[in-house]
Structure formats: structure tokens, C-alpha cells
Protein chains: 2
Amino acid sequence: MEFKEAMKQRRAVNFFDPTKDVTDAQIKQIIETAALAPSGFNLQPWRVIILRDKEKKETLRKVAMNQPKITEAPVVLIILADREGWKKGNTEFEKDFVESVKAGIMKQEQYDWFCNATNSLYGATAERQLAFACKNTGFFAMSLMLAAKDAGLDSHPMDGFDIDGVRKAFNISDQYWIPMLIAIGHFDKTKTLLPPKWRKSYDEILINF
Amino acid sequence: MEFKEAMKQRRAVNFFDPTKDVTDAQIKQIIETAALAPSGFNLQPWRVIILRDKEKKETLRKVAMNQPKITEAPVVLIILADREGWKKGNTEFEKDFVESVKAGIMKQEQYDWFCNATNSLYGATAERQLAFACKNTGFFAMSLMLAAKDAGLDSHPMDGFDIDGVRKAFNISDQYWIPMLIAIGHFDKTKTLLPPKWRKSYDEILINF
């Protein structure tokens, strides 16, 4: 699908056809495509919990304002943003350094420099840690919603959930912020899709101080 | 361009051809395409400062680790994420309500409900305000980088800057987090583009606790 078509046709779909499944291969493909998103120092601070199981989706629905789409959609993703993705010892951080050395982008003796650079840019304050996690995971999640559309699937990003409730139900530690849930499936064509919502104009987006 | 090609061909380009300009029409088009990105309650908490002027880019470069691409790229965008985009009185918040009523999605008497809903989801803590701003602006910025590629342009997202320095130089208040700068232009073909960097595999992205 053309990029612009994917941007236009991607809509937050409220009703999923419960008779139409999504294959594991489709989920793998959209996650792999989304993983091409850029990130600060290529640290990729995103993780995904995939829910397919009926009981697990019911557990999630209970802590997500009882939204029917959580159990109606064949797949629901809990998107996680790693607030420690910049930190010495973190899995992605260490792999990123090893891979950068392998690729000739960094030298082994730059390890301390690398630790200090990511620490000062992303780790220096709790604010920076959260901003680092959420912005980069935003890149990943946007790419994932477009990849779903490109694969002929529909999605719905959800903010309506109790963060602490989801943490407890799925044993998610404070290391991860939970920026969103994404339901994936097929739009229920017996329902009506609302017209696209308003968007800010170019002039409303630009600002100067 | 096909969506998947845009994902693959979008690369963070370090060297811009200083002889090749980007038109105002191109910038408008990529910002308008990016504006189709979704956001929580459609609040669109993103803003953009466009820098073209040589002196302004030099001012930015001084507070951005002296990165040559800031003055070499014809256009540099300062991306802003509105931490108050969920708040009663905020421009986008008020317009969103008016437009939702016009579209029949909300009723006038739901104004208080709307204020409370966005306040509890996005405004309840400083953490939530920042996460709201950065995640949604991440959707917008990812879309913008893809839209640039689709328009035949190259981009470079930058985190290497002094947030407080940029605030001071461009009079940006604390209302806005500054998640990134994006240089836009044409790759300098006399330089070599490095091979794509490593990405986490599907299995490295999935997690369960």
C-alpha cells in the first residue's frame, strides 16, 4: 500500500469482527516492520506483550474500563516503554554497544563514553528517562499501526486503562512505562466507521515565540 | 512510495547536500501528512518551529553540540510536545471539544465529563503529562520522517542538544517538552551512507513476566 494511503486509511477502529482472526505470521510481520523505526542511539526501548488468550484479554478488560474491543479483537498488544533502555547493564544497551563495535561505528574503548553519553542525554533525570522511553516507543507504535494497515488489518490505540491495574495483572515492573494498548483485528463491517476526525491545519501546528 | 519502502529507505542521514533546497510547499505537505497521526482524544499535542534562516540555525547549532547538519540542512524543525494539551483552556483542548460537538461525537453537556476524562488520563501527574506529550508527538514525528522520505527528502532526528539552552534561545516555555530536532534536506551523495543498523528480532521485542 502507498504510504499516504496507509496514513489516510489507518483509523482507530472501535468494532472488531470477532469471527476474523489474525495469524501469528501477520503479527510477527507487523512487529518486524515496526522495528525499523529509529530510536535515540538505536537503543530501541520498546517491548510488546501479545495477548490472544481469552482469559488474559478478560483480565486486561477489567483494568481497561471494560472496553469491549479488548475481548472482541483477536489480538491485543500491551506496549511497554523501557525507562532504563539507556542504562549500563540493560539488555538493549549492552547489545547496542556490541553491535555498534561489530559494525565499526564504535570502538571497544568508547564504552565509557557511550555510557556517559546515554546517561547524560536520557538518564540524567526521571523526566528524561520517561521522555526517552515514550518518544521512541511512540515511533515504534506509530510504525506498527501503519504496518497493520499495510497488512490489511485494523488497529485501535487505547489510553483508557488503569496503569497500576495493568502492572499488577501482568507483573510489569516500574522499569517500563505503559504508554498504550493496541487492539489488532479486522473492522466489523456491519458497523459504521465515523468520518475522520478534525486535524490541526499547518498554521495551527506552526508556532514561534 | 510503498509504505514498506518508506520504512526501509528512511535513514537518519548525517550529511546534507547544502546546494539542494527544500521548498515551503514540501514542508507544508509533509507536516500536513504527519498531522493525520492519531492522538489521545485527538488532542494533537504537537507543535513545530521551522528554522530556515541561517542565523537561527547557527543559534540552534550552538546549543546542539555544534552538529554541522544543523546548518547544512536547508530546514531544521524544533518539535514541541505540549504537556498541557489535555487541559481546560488549552487551545487544542478547547478546539477539540468544539469540533467533537460539531461532528456529533460529543454533546455540549459533556464538557465537564471531557475535562475530567482528559485530566484523569493525561493530567493527573507530572509523569502522565510528559508521557502524553511525548508519546503522541512521537506518533507525529515518526509520520513526519516517513512523509519526508515519501516526498523524496531525507531527515535526521536529533537528541543531541541542551534542552535548557534551546528553551532560552527560542523562548520556549516549560509548557512544551522538546523531544527532538529534525533536520530535513537531501542526502549528500558525495558521502557514504552506512549500512542500516541492527534491529531487535521479533523474539527480542516480545516479553512476558
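Trainee: Which residues touch the most other members of the largest nonpolar core?
Mentor: A nonpolar core is a set of buried Ala, Val, Leu, Ile, Met, Phe, Trp, Tyr and Cys residues joined through C-beta atoms within 7 Å. A residue is buried if 20 or more other C-beta atoms lie within 10 Å of its own, exposed if 12 or fewer, and partly exposed in between, with C-beta atoms placed from the backbone. The largest core in this predicted model has 124 residues, and those that touch the most other members are A:Leu181 and B:Leu181.

Trainee: What pLDDT do local features need in this predicted model?
Mentor: Residues are numbered from 1 along each chain as its sequence is written, while chains are lettered from A and ligands numbered from 1 in the order in which they are written. In this predicted model, totals for chains, interfaces and linings use all residues, side-chain atom pairs count only at pLDDT 80 or more, and local features need pLDDT of at least 70.

Trainee: Leaving aside neighbours within four places in sequence, which residues is A:Leu181 in contact with?
Mentor: Two residues are in contact if their C-beta atoms, placed from the backbone, lie within 7 Å. With neighbours within four places left aside, the contacts of A:Leu181 are A:Ala64, A:Val76, A:Leu77, A:Ile78, A:Ile79, A:Met158 and A:Phe161.

Trainee: How many helices and strands does chain A have?
Mentor: Helices (H or I, at least four residues) and strands (E, at least two) are DSSP runs, numbered from the N terminus. From that end on, the elements of chain A run α-α-β-α-α-β-α-α-α-β-α-β-α. The count for chain A is nine helices and four strands.

Trainee: What share of the residues of chain A count as buried?
Mentor: The C-alpha trace of chain A spans about 60 × 45 × 35 Å along its principal axes. Of the contacts in chain A with a separation of 6 or more, 80% join residues 24 or more positions apart. Chain A has 209 residues, and the share that counts as buried is 47%.

Trainee: Is A:Ser143 buried or exposed?
Mentor: A:Ser143 lies in helix α7 of chain A. Not counting residues up to four places away in sequence, A:Ser143 touches A:Thr33, A:Ala34, A:Leu36, A:Ala37, B:Met7 and B:Met142. A:Leu36 is 107 residues away from A:Ser143 in sequence, but 8.3 Å away in space, C-alpha to C-alpha. Because 27 other C-beta atoms lie within 10 Å of A:Ser143, the residue is buried.

Trainee: Is A:Lys54 buried or exposed?
Mentor: A:Lys54 lies in helix α3 (residues 54-62) of chain A. A:Ile30 is 24 residues from A:Lys54 along the chain, and their C-alpha atoms are separated by 22 Å. Because A:Lys54 has 9 other C-beta atoms within 10 Å, the residue is exposed.

Trainee: Phi of A:Asn66 is near what value?
Mentor: Most residues other than glycine have a negative phi. A:Asn66, found in the loop between α3 and α4 (68-72) of chain A, has a positive value instead. Phi of A:Asn66 is near 55 degrees.

Trainee: Which element gives the largest share of the side of chain B that touches chain A?
Mentor: In this pairing, 63 residues of chain B are in contact with 63 residues of chain A. Elements that give two or more residues to that side of chain B include α1 (3-9), α5 (91-102) and α7 (126-150) of chain B. The largest share, 13 residues, comes from α7(B).

Trainee: At about what angle do α7(A) and α7(B) pack?
Mentor: Axes are lines fitted to C-alpha atoms, for helices over the stretch in contact, and angles run from 0 to 180 degrees between N-to-C directions. The axes of α7(A) and α7(B) are 7 Å apart. The two helices pack at an angle of about 35 degrees.
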